[in-house]
Amino acid sequence: MVKENDYVVVHYTGTFEGGEVFDTSADRDPLEFQVGAGSVIPGFEQAVMGMKPEEEKRIILQPGDAYGERDEAMMHAFPLAEVRQQFEPEVGMTIGVATDEGQHMPALITEITDTEVKLDLNHPLAGKTLVFDIKLIEINDAPKYGSGCDSDSCGGGCSCC
């Protein structure tokens with residue numbers, strides 16, 4: 001059974017409540033992560049605790065156990081002239097922005113006015129209830145595949161991160 005600090009390998013499919021798939025490992029390698037390391041969303045990590053290899057389960061995660069509620073403080077506006085010095089913005093475009101702490105995060109352009117570009121820095125899945133079908137493939141004492149959740153796969157890939 002899965003316990004804290006185990007390395008687990010899972011296949012998963014994430015859907016919205018209406019059944020629309022937003023992410024799946026079905027057509028790629030399974031996800032490997034260490035339980036308790038905080039590399040996946042809290043509800044996903046909690047769901048694998050106690051599972052046995054080959055066990056499957058469906059979980060429903062409220063925003064607080066996933067990506068949190070949408071936060072209006074994560075909406076920002078920048079002068080259009082400054083943005084145009086770097087690129088031509090379009091509504092719906094996702095761009096990378098640097099935080100004051102030096103981290104890079106995706107931002108969605110939600111509106112362009114005559115003077116401003118408005119960005120939403122909330123995670124795209126913030127505020128949403130998520131459904132995951134999880135199948136535990138194996139449990140290991142150390143990473144076996146090196147395919148864990150990292151910034152490259154999670155930026156637009158694995159949603160459980």
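Predicted model: local features only at pLDDT ≥ 70, side-chain atom pairs only at ≥ 80, totals over all residues.

**Exercise 1.** Determine whether Glu138 is buried or exposed, and identify its salt-bridge partner.

*Solution.* Step 1: a residue counts as buried under 20% relative accessible area. Step 2: Glu138 has a relative accessible area of 15%, so this residue is buried. Step 3: the partner of Glu138 is Lys144, with the closest N and O atoms 3.2 Å apart. Step 4: the limit for a salt bridge is 4 Å, so a pair at that separation qualifies. By this rule, the model has eight salt bridges.

**Exercise 2.** Classify the two residues of the salt bridge between Asp23 and Arg28 by their accessibility.

*Solution.* Step 1: the closest N and O atoms of Asp23 and Arg28 lie 3.1 Å apart. Step 2: the relative accessibility of Asp23 is 7%, which places this residue in the buried class. Step 3: Arg28, at 41%, is partly exposed.

**Exercise 3.** Locate Asn122 and state which backbone atom its side chain reaches.

*Solution.* Step 1: Asn122 is found in the loop between S8 and strand S9 (130–140). Step 2: its relative accessibility of 8% makes Asn122 buried. Step 3: the Asn122 side chain reaches the backbone nitrogen of Asp71 at 2.9 Å. Step 4: residues touched by Asn122, apart from those up to four places away in sequence, include Glu69, Arg70 and Met74.

**Exercise 4.** Which elements each supply at least two residues of the largest nonpolar core?

*Solution.* Step 1: this core has 24 residues, and Val10, Phe33, Phe44, Val48, Leu130, Phe132 and Ile134 have the most contacts inside it. Step 2: the elements that each supply at least two residues are strand S1 (7–16), strand S3 (31–34), helix H1 (42–48), S4 and S9. Step 3: another core, of nine residues, lies apart from the largest one; among its members are Leu80, Val97, Val117 and Leu121. Step 4: beyond its neighbours within four places in sequence, Leu130 contacts residues including Phe16, Phe22, Ile59 and Tyr67.

Terms used. Residues numbered from 1 in each chain as written. Heavy atoms only, no water. Salt bridge = Lys/Arg side-chain N within 4 Å of Asp/Glu carboxyl O. Buried < 20%, exposed > 50% of the residue type's maximum accessible area, 1.4 Å probe, protein only. Helix = DSSP H or I, 4+ residues; strand = E, 2+ residues; numbered from the N terminus. Polar contact = N/O pair within 3.5 Å; in protein donor to acceptor, adjacent residues only side chain to side chain. Contact = heavy atoms within 4.5 Å. Core = buried A, V, L, I, M, F, W, Y, C linked by side-chain atoms within 4.5 Å.
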